[in-house]
Amino acid sequence: MKALIFAAGKGTRLKPFTDHHPKALAEVNGIPLLERNIRFLQGFGIQDFVINIHHFGSQITDFLKKRDCFGARIEISDESEELLETGGGLMFARHLLDHGEDFLIMNADILTDLNISDFIREHQRNHHFVTLAVSDRESSRKLLFNEEMVLRGWLNVKTGEQRLAEFNKGFRALAFSGIHCINPQIFNKIKRTGKFSIMEEYLDLMQTEMIHGYLHNARIIDVGKPGSVAEAEKYFK
């Protein structure tokens with residue numbers, strides 16, 4: 001399976017580091033996030049990667065060259081001209097991913113001990129369209145799932161704003177973990193172009209497609225948040 005790692009973001013919450021470096025090269029216990037996630041996925045047998053770049057993108061390509069791509073096959077989706085967000089970034093990388101096989105997406109600033117093999121197995125065994133890793137933890141925004149763990153909405157916890165596919169029948173509110181497994185049919189379903197969030201597209205597609213949640217209790221740390229590097233260093237050595 002091929003994995004797309006989103007590494008293009010500006011990482012404004014990690015200033016001042018990101019004033020001069022890409023967020024993906026922020027270090028946790030001396031090891032850059034990008035290296036950690038490449039090696040993490042390699043531990044589950046993944047050796048083919050697409051990495052999107054924008055903010056100080058040349059630092060990422062230089063870093064990969066110096067490390068000989070960690071022995072993996074890595075292709076770069078270069079968004080230097082315009083940062084396209086997650087949805088636009090996915091569509092921009094279509095030519096590298098749309099080869100008839102499911103693929104994985106992971107945010108570069110997420111650190112986790114999720115069993116990726118189990119996650120992929122669940123997605124493929126059930127022939128899911130999209131599977132999203134989710135957990136019951138604090139988050140300002142939640143995804144809403146029915147009893148079959150099918151996506152039916154979105155909730156802003158702070159404001160109470162909701163987007164629903166149907167009346168909320170006691171849907172379960174869960175936090176997205178920044179890890180997706182996707183059937184390439186999605187490229188024929190996405191309507192937006194240019195710069196957009198993949199989550200916006202999921203909230204449209206939930207009206208017609210079955211987008212499933214994969215509930216887990218693995219550790220998830222968003223290292224893009226202030227103070228999160230120190231937290232991550234407690235658990236990821």
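Let's start with a pair of charged side chains: E122 and R125 form a salt bridge, and their closest N and O atoms sit 2.7 Å apart. Keep in mind that this is a predicted model. Both residues belong to helix 5, which covers residues 116-125. They are three residues apart there, or about one turn of the helix. How open to the outside are the two partners? E122 is partly exposed, with a relative accessible area of 24%. R125 comes out at 52% relative accessibility, and because the cut-off for exposed is over 50%, R125 counts as exposed.

**Other salt bridges**

How many salt bridges does the structure hold? The count is 18. One of them links the side chains of D19 and K15, at 2.5 Å from N to O. D19 is partly exposed, at a relative accessible area of 35%. Another salt bridge brings E166 together with K169, with 2.7 Å between the closest N and O atoms. E166 is partly exposed at 26% relative accessible area, while K169 is exposed at 60%. There is also a network: R163, R192, E200, E201 and D204 are joined into one by salt bridges that share partners.

| Salt bridge | N to O distance |
|---|---|
| E122 and R125 | 2.7 Å |
| D19 and K15 | 2.5 Å |
| E166 and K169 | 2.7 Å |

Now find strand 8, residues 130-135. Why is this strand largely enclosed by the rest of the structure? Six of its six residues are buried, so the rest of the structure largely encloses strand 8. You can check this face by face. On one side of strand 8 you'll find V130, L132 and V134, and on the other T131, A133 and S135, all of them buried. In other words, both faces of the strand are covered.

Which way do the partner strands run? Strand 12 (residues 172-182) pairs with strand 8 in the antiparallel sense, over five bridges.

**Two phenylalanines to compare**

Is F103 buried or exposed? At 1% relative accessibility, F103 counts as buried. You can find F103 in strand 6, which spans residues 103-107. Its contacts reach well along the chain: leaving aside neighbours within four places in sequence, F103 touches M1, K2, L90, L97, H180, C181, I182, P184 and F187.

F167 is a handy contrast. Where does F167 sit? Its place is in the loop between strand 11 (162-164) and strand 12. F167 is exposed, with a relative accessible area of 67%. Between F167 and R152 there are 15 residues of separation in sequence and 9.0 Å in space, again from C-alpha to C-alpha.

Key. Residues are numbered from 1 along each chain as its sequence is written. This is a predicted model: local features need pLDDT of at least 70, side-chain atom pairs count only at pLDDT 80 or more; totals for chains, interfaces and linings use all residues. Side-chain values use heavy atoms; hydrogens and water are left out. Buried means under 20% relative accessible area, exposed over 50%, partly exposed in between (1.4 Å probe, protein chains only). Helices (H or I, at least four residues) and strands (E, at least two) are DSSP runs, numbered from the N terminus. Two strands pair if DSSP finds at least two bridges between them. A salt bridge is a side-chain nitrogen of Lys or Arg within 4 Å of a carboxyl oxygen of Asp or Glu. Contact means heavy atoms within 4.5 Å.
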